[in-house]
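Here are a few notes to read alongside the model. Have the structure open while you go through them.

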Amino acid sequence: MRDGSRRFSLHGRAQIEGTLRAVENTSGTVLVESLTYREGGFELSGKDLSARMGPAGVRWTGGTILAAGNPLRVSGRVSWGGELDVRVDGKLPVSAIRLAVPSVFDRLDGVMTVEGRVTGSLDAPSIVGTGHVEGGTLSFIGYNQLFEGIRADAVISREKIVFEHFEARSGGGYIDGWGEVPLKMDAGQRLYFSVDFLDMRYPYPEDFRPVVQGHVELIGPVEDLLVTGDVEVQSARYTRVLYPEKALIDFSRKLSDVVARREKSEFRVRLDINVVADRTIRIKNNLADIKAGGEFKVGGDTHKVIVLGTFDVYEGYVEFYGSRYELKRATVDFLDPRRINPRLDARGETKKGRYNIAVLVTGTFEKPEVDFTSDPPLSRTDIVSLLAFGVTTQKAASSGTGTGPSSGLGGTAAIAIGSTVGVDEKIRSTVGLDKFAIETGFSQTTQSLEPRFVVGKSFGDRVSISASQSVGTSAYTSASGELTLWEDVFLQGTWESSTANTQGQIGGDLKVRYRYRSLKDLLDGKE
């Protein structure tokens, strides 16, 4: 017989005497030659099971029961009115807990030695007893932490399993604590675990995988579990390789808001953890080597982690396209409880030739504001060109490699990689760009000329797209595309981002090109 995930088979014979109207007068014996029961990874089998029926009910008389291959001793009786008095002792797989507490554990392995007594009625059984787990393994659904080598002593009361003490290994460290799990979860009953840990690698945030110590508690009903506590970061290291050139054309990607209420079918664990990192955070990859610390709160849930608090960089540098920027100060404030969009305040300094250059970054992660100063003074466009390509726009124009006039104030100067040093192979292989240039554009926000990065890509002879990102205080982004409909007819589309002072815009145009030899021919109507 099958019922969803359950499988049940029974084979045997019975010799019964009595009347249907007077069940209490029934007598006889029942012999079950074989029994098999499977549910949720738990398997129970029996052989030559026998019971005797009499006026008091049905009493167990013998046979062998195996729970996942381990012998289990059973004795007791069930009255005709449904009252229970059954004793069980032996070894059970830890996965048997799933029968009482479904939809909580992702992994549940090991063997549990139990001594228990079941009383009450068939409709409302009551269980008391003790249990001991040795070498167990468990993990919770939706929570990416594995607990191994579990040793635990438990008391089974009428309503819950109380783990008086447990110890285990997790994330390379050690944990111990206590907890309790209700035997019924149908009315919002809360489970609870209190855990102390040392030298444990914690799975969140994923990119840092910090090694931590401290105390946390797991609380709540299954559909709304919460991890809360206080944690000290012993070490956290970020080593992911980053390609900042991708960000220049990935203007549409934004960090999405955290969903306040989730669908009922989704299982997640909420987080509310206070964290202290006393100069124990390290960022070391292809772009930077930074040491930092901070006090912050880890919130959100295991599907969308939110950080609230402040990080301070006390030592480090950033390398970007051959320039090394020593960080004189850097503060990152996570203030938004809905999304990861920290406020920035940083100053980096570098030297290019005879110029000492300072780069200042403020604003937010989504809309950073960048400013530049130099000694001796240069325009912003010249500073950006000097940092990116090693030459100022004025020098590039005087040598015939720039496009358009250039002056110390920036003017309408433009400098393209392809015309000075060739398209950078890393950018070409990473994002497949045809154009990568620095141009000067007028900012409606600052009412001044600001440098901007421009990238572009062509798809055959008919389609081309380009995007630009300002490098200044306006944090302005734009994109455009052009589709050739016929030889001299083009469909154009544009998008401009919003800034602190202006709203975003989207538009389209139909452009018709008319060819002529001279203005006189055009006015005379000649081609």
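1. Start with the secondary structure: the protein has six helices and 29 strands. Keep in mind that this is a predicted model.

2. If you take the contacts with a separation of 6 or more, 39% of them are between residues 24 or more positions apart.

3. Next, have a look at the largest nonpolar core, which has 62 residues. The members that touch the most other members are F140, F193, Y202 and V227. Strand β16, running over residues 269-284, gives the most to this core, with six residues. Apart from it there is another core, made of eleven residues, including I357, F372, L386 and L387.

4. What does Y202 touch, not counting residues up to four places away in sequence? Its partners are Y143, Q145, R209, P210, V212, V227, L271 and I273. One of these, V227, is also among the residues of the largest core with the most touching members.

5. Finally, pick out S323, which sits in strand β19 (residues 323-334). Is S323 buried or exposed? It counts as buried, because its relative accessibility is 2% and the cut-off for buried is under 20%. The S323 side chain also makes a polar contact, at 3.3 Å, with the side chain of K352. Setting aside neighbours within four places in sequence, S323 is in contact with V318, T350, K352 and L387. L387 has come up already, as a member of the eleven-residue core.

How values were computed
Residues numbered from 1 in each chain as written. Predicted model: local features only at pLDDT ≥ 70, side-chain atom pairs only at ≥ 80, totals over all residues. Heavy atoms only, no water. Helix = DSSP H or I, 4+ residues; strand = E, 2+ residues; numbered from the N terminus. Contact = heavy atoms within 4.5 Å. Buried < 20%, exposed > 50% of the residue type's maximum accessible area, 1.4 Å probe, protein only. Polar contact = N/O pair within 3.5 Å; in protein donor to acceptor, adjacent residues only side chain to side chain. Core = buried A, V, L, I, M, F, W, Y, C linked by side-chain atoms within 4.5 Å.
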